[in-house]
Amino acid sequence: MILLSSIWKKSVLKRSNIGARDKIREFLEGKVGKIVTTEQIARIAKIRDFQRRIRELRNDEGMQILSRRDRPDLKPNEYLLVSLKREPRLALRIDKAQRTRIIERDGLICSMCGVTPSDPDPYHPGRKITLHIDHDDRRGPTIDENLRVFCRNCKEGRSNLVVPPAPNTLSVIRTIRRLPRSDQRLIFLELKKKFEPTT
Ligand SMILES: [Zn+2]
């Protein structure tokens, strides 16, 4: 009985998630040119993760939804659909060869928090980390230089929250600090090569 009701709940949740994107789309299209608030959207969508739906509408459907990131005069809780015209982001798709190149370059490790696919997912108990390739600058081009490996949590959260470094990252930093100065310098020079390459 408990199992059944939890399955039922899950399927209802799933259905309302699919509907949320449609509801937000309809709401925004009805308010084109007018500023709407996250409170209004949350009320309409009836889900907490409505920001993800907004990203999907923007990235997958090309809706011209602006936020504070695009228009500094907007408040942090405001969105504005400027026009009903769709403008799909060009060359958003990352092809298989490019995906392989990025993973070969960066390794199977989240570039933000340092988790790997063998780590447990802190936000989804019982699941392992999943990694994705995504744009560094979300409005930038789909070129290798603008692509990085992100875990799902960082990918979803990086536009609105700061993810603390993973415990294993902190322990690596502690380990490095205990090393002799000469070894630390070696690591420093290695990292310098990566982050401040001399051209
Ligand atoms: Zn991460």
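**View 1. I176 in helix 6.** I176 sits in helix 6, residues 167-178 (helices here are DSSP runs of H or I with at least four residues, strands are runs of E with at least two, and both are numbered from the N terminus). This is a predicted model, in which local features need pLDDT of at least 70 and side-chain atom pairs count only at pLDDT 80 or more, while totals for chains, interfaces and linings use all residues. Residues are numbered from 1 along each chain as its sequence is written. Buried or exposed? I176 is exposed, as there are 12 other C-beta atoms within 10 Å (20 or more others within 10 Å makes a residue buried, 12 or fewer exposed, anything in between partly exposed, with C-beta atoms placed from the backbone). Setting aside neighbours within four places in sequence, I176 is in contact with Q184 and I187 (contact means C-beta atoms, placed from the backbone, within 7 Å of each other). F188 is twelve residues from I176 along the chain, and their C-alpha atoms are 10.0 Å apart.

View 2. Helix 7 covers residues 181-195, 15 residues in total. From first C-alpha to last it reaches 20 Å, close to the 21 Å expected at 1.5 Å a residue (the expected span is 1.5 Å times one less than the number of residues). The number of buried residues among those 15 is zero, so helix 7 lies largely in the open.

**View 3. Bridges to strand 3.** Strand 1 (residues 35-37) pairs with strand 3 (residues 78-81) in the antiparallel sense over three bridges. T37 has E78 of strand 3 as its bridge partner. Strand 2 (residues 65-66) also runs antiparallel to strand 3, joined by two bridges. For I65, the bridge partner in strand 3 is L81.

View 4. K46 lies in the loop between helix 2 and helix 3 (50-59). Its phi is near 60 degrees, a positive value in a residue other than glycine. K46 counts as exposed, with 12 C-beta neighbours inside 10 Å. Over in helix 3, the residues R53, I54, L57 and R58 are buried. Seen down the axis of helix 3, these buried residues fall within an arc of 135 degrees, so they line one face of the helix (the arc is that of the directions from the helix axis to the C-beta atoms).

Technical notes: Two strands pair if DSSP finds at least two bridges between them. Two residues are in contact if their C-beta atoms, placed from the backbone, lie within 7 Å.
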